[in-house]
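This report describes one protein chain for a reader who is new to structures. Look at the sequence and the model first, then read on.

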Amino acid sequence: REAGVTGMPVMRAMWMQYPQISELYDTDDQYLIGSDILVKPVTNAGATQSNVHFPTADIWYDVDTMQQMTTASATDSAKVKSLSVKSDIDKIPVYQRGGSILPRKLRLRRSTRLMIHDPYTLYIALDKNLHASGSLYMDDEHTFDHDRHGVYATANFEMKVDYGNGDSKPTIRNVVEFGPGLMTEDGGIPTSLDESMKSSSRMIERIVIMGMPQIPTKVYLTSDTKASLEFEYGSSSKILVIRKPNLSALDSWDISVVF
């Protein structure tokens, strides 16, 4: 969506995202997908290690292990940290930027058309301030109704960790913005929609939070029911997984995390 509206390419050289870091101007052996995914291609036969240049202004998480990379610099002035990472035949170095939220579909299909109704997993990578945000653009994926009739929606996700006194404060939030073609005169959503644009076709089956510093005592929906949500926490990995929240990306909602 960003590429179609602004012209910003999906695949970006490092300097496009970090123009203030001159050390990255001549880096041509790694790139970004959007603003949040760093990729280091393995281009040498028999390679088992690769050097990756990480901008130290951000935290970076390995997308496979979901562990934070040690990019803290010995000096405050260093803007880039180079690390030698594993990159054998089973591993392509890919990293998610701290402060981002990425929706992903994990079921392997023969085509993207068959994935339309598959649920999402939200990967939340917390930054140094324990915040993260991201968005998910949705249309019917097979017509031009998004352009001709405004049939589209954008889910805006945000997470803020709050070590409050246990009060009900939304920690994970989704606010949905609908295109003009998805709004009726009374502000509702038309019932005569393609199945792919209905709430039941845009479900979220899991929320994975990286960099969570401590285990919560309770996770629940901030709604009238205040339904508790099942979760698991790894004290060594600092990963919190919320399972089966039964939420749709096409609905606005809040989740509270109590410590």
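Predicted model: local features only at pLDDT ≥ 70, side-chain atom pairs only at ≥ 80, totals over all residues.

The largest pocket has a volume of about 1,100 Å³. It is lined by 36 residues, and Arg1, Pro103, Ser135, Leu136 and Tyr137 are the closest to its centre.

Which elements supply at least two residues each to the lining of the largest pocket? They are helix 1 (2–6), strand 8 (100–104), strand 10 (131–138) and strand 12 (170–178). Strand 10 gives the largest share, six residues. Sorted by class, the lining has 18 nonpolar, 10 charged and eight polar residues. In general, empty space of this kind is found by rolling a probe the size of a water molecule over the atoms.

**The chain as a whole**

The chain has 259 residues, and 41% of them are buried. Its secondary structure consists of three helices and 17 strands. The accessible surface comes to about 14,000 Å², and carbon and sulfur atoms account for 50% of that area. Contacts can also be sorted by how far apart the partners are in sequence. Among contacts between residues at least 6 apart, 63% join residues at least 24 apart.

How many residues of strand 9 (residues 120–125) are buried? The count is six of six, so the strand is mostly covered, given that buried means under 20% relative accessible area. Tyr120, Leu122 and Ile124 point one way from strand 9, while Thr121, Tyr123 and Ala125 point the other way. The residues of both groups are buried.

Strands of a sheet pair through backbone hydrogen bonds, either parallel or antiparallel. Strand 9 shows both kinds of pairing: antiparallel with strand 8 and parallel with strand 13 (residues 203–210). Strand 8 and strand 9 are joined over five bridges, and Ile101 stands opposite Ile124 in strand 9. Strand 9 and strand 13 are joined by six bridges, with Thr121 opposite Arg206 in strand 13.

Another group of five strands forms an open sheet, in the order 1-2-3-7-5, with antiparallel pairing.

**Two residues with positive phi**

Most residues other than glycine have a negative phi. Met66 is not a glycine, yet its phi is positive, about 65°. Met66 lies in the loop between strand 5 and strand 6 (80–86). Lys244 likewise has a positive phi, near 50°, and is a residue other than glycine. Lys244 is part of strand 16 (residues 239–248). Is Lys244 buried or exposed? Its relative accessible area is 70%, so Lys244 is exposed.

Trp15 is in helix 2 (residues 14–17), and Glu230 is in strand 15 (residues 230–234). Trp15 has 42% relative accessibility and so counts as partly exposed. Glu230, at 47% relative accessibility, counts as partly exposed too. The table gives one C-alpha to C-alpha distance for each of these residues.

| Pair | Apart in sequence | C-alpha to C-alpha |
|---|---|---|
| Trp15 and Tyr31 | 16 residues | 9.2 Å |
| Glu230 and Pro245 | 15 residues | 7.7 Å |

What is each residue in contact with, leaving aside neighbours within four places in sequence? Trp15 is in contact with Leu24 and Tyr25. Glu230 is in contact with Val241, Ile242 and Arg243.

How values were computed. Residues numbered from 1 in each chain as written. Heavy atoms only, no water. Pairing = 2+ DSSP bridges. Helix = DSSP H or I, 4+ residues; strand = E, 2+ residues; numbered from the N terminus. Buried < 20%, exposed > 50% of the residue type's maximum accessible area, 1.4 Å probe, protein only. Contact = heavy atoms within 4.5 Å. Areas by Shrake-Rupley, 256 points an atom, 1.4 Å probe, with all protein chains shown as cover. 1 Å grid on protein atoms, 1.4 Å probe; cavity = no way out; pocket = protein on both sides within 12 Å on 5 of 7 lines; lining within 4 Å. Points joined across faces, edges and corners; volume = space filled by probe spheres on them. Nonpolar A, V, L, I, M, F, W, Y, C, P; charged D, E, K, R; others polar.
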